[in-house]
2 protein chains.
Amino acid sequence: MSKKDILIVGAGPAGMSAALNAQNDGWNFELIESKEEGWFPRVSVDSHYTVDNYLGFSNVSGTELIKKFQEHLRNNEIIPSYEKVRRINRINNVFLVETDKDTYETKSLILANGTKQKRLNVPDIEQFLGKSVFYYCVPDGEQFRDKKVFVVGGRNTGAVTALYLNKLGCDVEVIEKDPQLNAKSKYASKILSAGIPYRTETEIVTLNGDKNLESITLRSPLGLENVVAEGIFVCIGLEPNNDLAKHMEVDLDKWGYVVVDSHMATNIPGAYAAGDITGNLKQIVVAAAQGSIATYNIGKYLREKCKE
Amino acid sequence: MSKKDILIVGAGPAGMSAALNAQNDGWNFELIESKEEGWFPRVSVDSHYTVDNYLGFSNVSGTELIKKFQEHLRNNEIIPSYEKVRRINRINNVFLVETDKDTYETKSLILANGTKQKRLNVPDIEQFLGKSVFYYCVPDGEQFRDKKVFVVGGRNTGAVTALYLNKLGCDVEVIEKDPQLNAKSKYASKILSAGIPYRTETEIVTLNGDKNLESITLRSPLGLENVVAEGIFVCIGLEPNNDLAKHMEVDLDKWGYVVVDSHMATNIPGAYAAGDITGNLKQIVVAAAQGSIATYNIGKYLREKCKE
């Protein structure tokens with residue numbers, strides 16, 4: 001059993017920034033990361049997605065940026081611990097946090113679990129996951145060079161993924177259930193100029209194939225159609241990684257995001273949240289700022305608690 | 001008369017981040033900066049003050065960080081315009097902004113004016129300002145090498161300023177009106193280990209001298225005392241640069257900071273604020289995040305407005 005002042009769950013930008021502040025302020029803390037899907041460099045900022053709104057780093061790839069962040073942590077002697085939290089219980093004003101490696105007793109915690117890709121609701125999808133169907137496309141795109149693949153979702157992530165697969169040499173097509181692509185105009189116009197075909201008002205109804213995917217059945221206002229498909233990349237939006245929050249009975253909004261006040265405090269005393277899990281503007285700089293704000297206010301909370 | 005979608009007033013981290021987002025989103029905007037006291041690299045983050053809580057830049061000087069930020073803006077072809085806003089009036093749903101160089105008509109604006117050092121209330125202080133009395137100490141410290149100087153204020157900025165002057169070779173002493181130094185323990189302990197003397201429960205009542213400062217009269221529980229002093233560095237906290245906000249009748253809190261909602265919107269439609277002027281946690285990453293959030297929500301506001 002390790003005792004902590006602050007346990008930070010999730011080592012994305014929010015958790016990393018929270019940890020820097022905790023270190024600067026001299027708290028006894030641990031930064032833990034499950035490295036599951038949703039881990040920062042994979043989904044949120046893939047290596048083929050450049051970031052240009054984090055002040056100080058001009059037009060940088062997600063991979064370069066995460067390396068800079070990790071280097072900053074290393075310089076400050078912050079080493080994330082890679083373990084998965086199984087359960088969090090609040091007993092006598094402290095949190096008992098069970099992971100797959102350890103149990104922590106902590107006076108406060110920050111939920112910085114981020115988001116994951118929303119799941120596609122198609123029968124038997126599980127049998128193709130990781131082989132023909134993916135919720136992210138790096139580094140899995142390479143194997144589909146010259147093959148017919150579909151990107152499901154015509155918003156920004158779908159458009160960027162389609163452009164990436166097109167550049168890799170895949171025969172890619174976009175499927176969107178709405179009547180139009182909803183990507184920003186700068187991405188939508190690239191889709192057009194790259195000549196990437198897209199179908200609107202279209203959904204996948206079945207995935208067909210034995211071991212590997214061979215074709216998909218699409219439904220559109222024109223009816224059903226069976227088309228060859230070897231790979232599917234699902235980009236239909238994000239949803240919060242809120243399993244731990246739910247179990248702790250943290251208040252969630254109607255989309256499942258954690259409700260926080262301006263101090264990043266949840267409804268549970270001592271439990272704070274930061275980053276994309278709070279449903280705020282999904283920018284790295286916003287997540288990092290929320291991590292700072294959470295740690296600052298936990299500092300106040302812990303000093304008050306010590307007086308009791 | 002220049003017409004804009006967004007006018008950003010102040011090119012500190014909040015204004016710079018707002019401008020990056022405005023550029024990325026294709027808005028017609030202008031970033032203007034008065035370069036007066038309170039300009040980002042001078043007061044908020046002096047060159048002798050290292051920053052270690054902006055994720056991605058490890059233990060960097062304020063000067064280095066601002067250079068990175070300015071480089072990012074240059075790479076994105078954002079050139080701040082150096083002019084001083086004299087007055088902002090809202091007429092027929094647009095803002096008329098008069099500066100010392102131009103007049104803008106803008107659909108929306110972001111107040112990112114930051115803060116300035118609080119003024120010291122001592123008779124005849126004006127005659128010594130910029131010669132013997134300073135509200136910041138870079139690059140003015142150098143001229144006081146081997147001379148007797150006082151730092152007014154024993155909080156973090158006062159402590160860091162005193163340590164810097166001590167390192168430069170000034171004979172520095174700290175004056176604090178409270179019964180103790182209120183700096184973080186890491187700064188207070190450095191003051192002690194550097195052997196920098198300090199007086200608590202002490203205030204300056206007069207500044208004495210003809211052209212240059214020669215001595216000051218101090219009041220403490222022991223009575224009045226006249227001591228030799230050639231330079232005074234005032235670090236008694238920050239106050240918002242809210243003159244424009246006041247004139248626009250933007251709601252302020254009891255300390256004079258601009259009141260914003262979670263979208264960074266003020267009570268005036270189309271007027272947003274970001275950064276230290278909002279009274280939030282004074283970290284660069286927080287200011288930058290607020291700039292992003294302000295531009296994002298202005299985008300929504302402008303699209304709604306276009307529909308009218």
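Trainee: In chain B, how many bridges pair strand β11 with strand β12, and in which sense do they run?
Mentor: Strands here are DSSP runs of E with at least two residues, helices are runs of H or I with at least four, and both are numbered from the N terminus. Two strands pair if DSSP finds at least two bridges between them. Strand β11 (residues 148-152) of chain B and strand β12 (residues 171-175) of chain B have Val149(B) opposite Val172(B) among their residues, and they are joined in the parallel sense by five bridges.

Trainee: Before we go on, what kind of model is this?
Mentor: Residues are numbered from 1 along each chain as its sequence is written, while chains are lettered from A and ligands numbered from 1 in the order in which they are written. Local features need pLDDT of at least 70, side-chain atom pairs count only at pLDDT 80 or more, totals for chains, interfaces and linings use all residues, and side-chain values use heavy atoms, with hydrogens and water left out, the model being predicted.

Trainee: Which strands stand at the edges of the open sheet of five strands in chain B?
Mentor: The order of this sheet is β10-β17-β11-β12-β13 (chain B), and the pairing is parallel. Each edge strand has a single partner strand, so one side of each lacks a neighbour in the sheet, and these strands are β10 (133-134) and β13 (198-199) of chain B.

Trainee: At about what angle does helix α3 of chain B run to β11(B)?
Mentor: Axes are lines fitted to C-alpha atoms, for helices over the stretch in contact (heavy atoms within 4.5 Å), and angles run from 0 to 180 degrees between N-to-C directions. Helix α3 (residues 156-168) of chain B lies across β11, β12 and β17 (231-234) of chain B, and its angle to β11(B) is about 165°.

Trainee: Which residue in the turn between β6(B) and β7(B) has a positive phi?
Mentor: Strands β6 (residues 85-91) and β7 (residues 94-99) of chain B pair in the antiparallel sense over six bridges, and Asn89(B) has Leu96(B) as its bridge partner. The two strands form a hairpin with two residues between them, and the turn residue with a positive phi, of about 50°, is Asn92(B).

Trainee: About how much area do chain A and chain B bury between them?
Mentor: The contact takes 32 residues from chain A and 32 residues from chain B. Buried area is the accessible area (1.4 Å probe) that two parts lose on being put together, summed over both. With 60% of it on carbon and sulfur atoms, the area buried is about 2600 Å².

Trainee: Which residue of chain A forms a salt bridge with Asp25(B)?
Mentor: A salt bridge is a side-chain nitrogen of Lys or Arg within 4 Å of a carboxyl oxygen of Asp or Glu, and the rule finds two across the interface of chain A and chain B. In the one that involves Asp25(B), the closest N and O atoms are 3.4 Å apart, and the partner is Lys184(A).
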